[in-house]
Amino acid sequence: MTQITAIRARAISVPLDTATSLSSRLVTERHYGVVEIEGDDGHAGIGFCYVGSAGGRMFVEAVQGLLAPVLIGHDPYRIEGLWQEMYQEALLQGRAGVVMRAISSLDTALWDRNARAVSLPLYKFLGAVRDESVPAYASGGYYLDGKTSQHLAAEMAGYVNEGFKAVKMKVGKGSLKEEQTRIASVRERIGDEVILMLDANNAWSDLPTALQFVRMYEQYNPYFIEEPFGPDDIQNHARLAATTGVPVATGEIEVGRWRFKELMDQAGAIILQPDACVCGGISEFRRIAATAASYGITLLPHWFHDLHVHLVAATANARYVEFFPDDRVLNFRRLIDTQLETRQGRLLLPQRPGLGFKFVAAALDRYALTPWVECKRGIGMAA
């Protein structure tokens, strides 16, 4: 039996080149957690997550002090059992947040390790639905100082010129008039045939305000309105969904199959956006997808296209990968050695084993918040 012999964890902080705004917050840096899992057969896998704009060191403690002892010495192919044991161990420390993101990272690393061990790309190891490419939408449209509606429209049109048939922009930060100017400029530039998605990033706290904006957006035929309210406000998501013809999407910072089932039971979203780096890893993502399929609900996973390209390729009810064409906001790509290829708005599926990329050691060193912490046989120590 193959055994897990070592687990390494590290916290990373990558500053944004330019402070960037969403509807309700300003982002200046991104903290990531990264892990490596090694077996006694010589094969290793990697996992990762976004921790937030602060607090990256908590990730390392969650791995070293809580979760790694559950995995060391066990069979890496027993993924379902190991997931349940990590989850059970972490009940008191948190079934969400950094602890669940640490579980997500370790679970991803196990799947990656096992796929590399049999020399298969991850999507084939999982059981592929698609075998060459998957559809993607170009995600951007952030708020920047001095960025006018004309600049925004030019950005979105640039993605269309690159071959993307669907694009997403941020909304919800400005006044009703300002927001209408922004979306009108974009729709005029990209035309009526291009799919336009809107991301509010929890912009509103009450239904009347949200309705003002969403009813204005209706005339521009958006594909969905994403995260109109905070993640815990499922009832307002459901009320909005019942009141407007614009599909409601959410779930990017939601965790666990149970919360997603609650969203579906309450008709809080017609499109779910689970992030495997957040919700509980690849294992939990697959459970959420299977549950959603029984409701006839579509998945459009959030962020981390380098991972989700595999999951969309292996999930029948997943439609698009969210793709970030540059590293200005999704600066995780600075930490890895291989970037995805695009062709006419589609992502070509990687052909190398596992995830198809590795961490760049020099980049991890450059942006490190902590040194590597290595755990072996229940012993954690700084490398």
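Is E38 buried, partly exposed or exposed? With 27% relative accessibility, E38 counts as partly exposed, where buried means under 20% relative accessible area, exposed over 50%, and partly exposed in between (1.4 Å probe, protein chains only). The views below come from a predicted model, in which local features need pLDDT of at least 70, side-chain atom pairs count only at pLDDT 80 or more, and totals for chains, interfaces and linings use all residues. Residues are numbered from 1 along each chain as its sequence is written, and side-chain values use heavy atoms, with hydrogens and water left out.

**View A. R8 pairs with E38 in a salt bridge.** The closest N and O atoms of the two residues are 2.9 Å apart; a salt bridge here is a side-chain nitrogen of Lys or Arg within 4 Å of a carboxyl oxygen of Asp or Glu. R8 sits in strand β1 (residues 4-21) and E38 in strand β2 (residues 26-39), 30 residues apart. Strands (E, at least two residues) and helices (H or I, at least four) are DSSP runs, numbered from the N terminus. R8 is buried, at 14% relative accessibility. A network of salt bridges links R8, E36, E38, E374 and K376.

**View B. R334 and D17 join in a salt bridge.** The N to O distance is 2.9 Å. R334 belongs to the loop between β11 (321-323) and β12 (342-343), and D17 to strand β1, so this pair ties together parts that are 317 residues apart in sequence. D17 counts as exposed, at 56% relative accessibility.

**View C. E85 meets R78 in a salt bridge.** Here N and O are 3.0 Å apart. E85 is partly exposed at 32% relative accessibility, and R78 is partly exposed at 32%.

**View D. Y77, V118 and L120 make a nonpolar surface patch.** The patch covers about 240 Å². Patch residues have over 30% relative accessible area and no salt bridge; nonpolar side chains (Val, Leu, Ile, Met, Phe, Trp, Tyr) are joined within 5 Å, like charges within 9 Å. Areas come from the Shrake-Rupley method with a 1.4 Å probe. V118, in the loop between α3 (97-117) and α4 (122-126), is partly exposed at 42% relative accessibility.

**View E. The largest cavity holds about 50 Å³ of space.** A cavity is a set of points on a 1 Å grid where a 1.4 Å probe fits but cannot get out, and lining residues have an atom within 4 Å of a point. Among the lining residues are E227, H237 and L263. The lining divides into three nonpolar, three polar and three charged residues.

Key. On a 1 Å grid over the protein atoms alone, a cavity is a set of points where a 1.4 Å probe fits but cannot get out, and a pocket is an open set with protein on both sides within 12 Å along at least five of seven lines; lining residues have an atom within 4 Å of a point. Grid points are joined across faces, edges and corners, and a volume is the space filled by probe spheres set on the points. Ala, Val, Leu, Ile, Met, Phe, Trp, Tyr, Cys and Pro count as nonpolar, Asp, Glu, Lys and Arg as charged, and the others, Gly among them, as polar.
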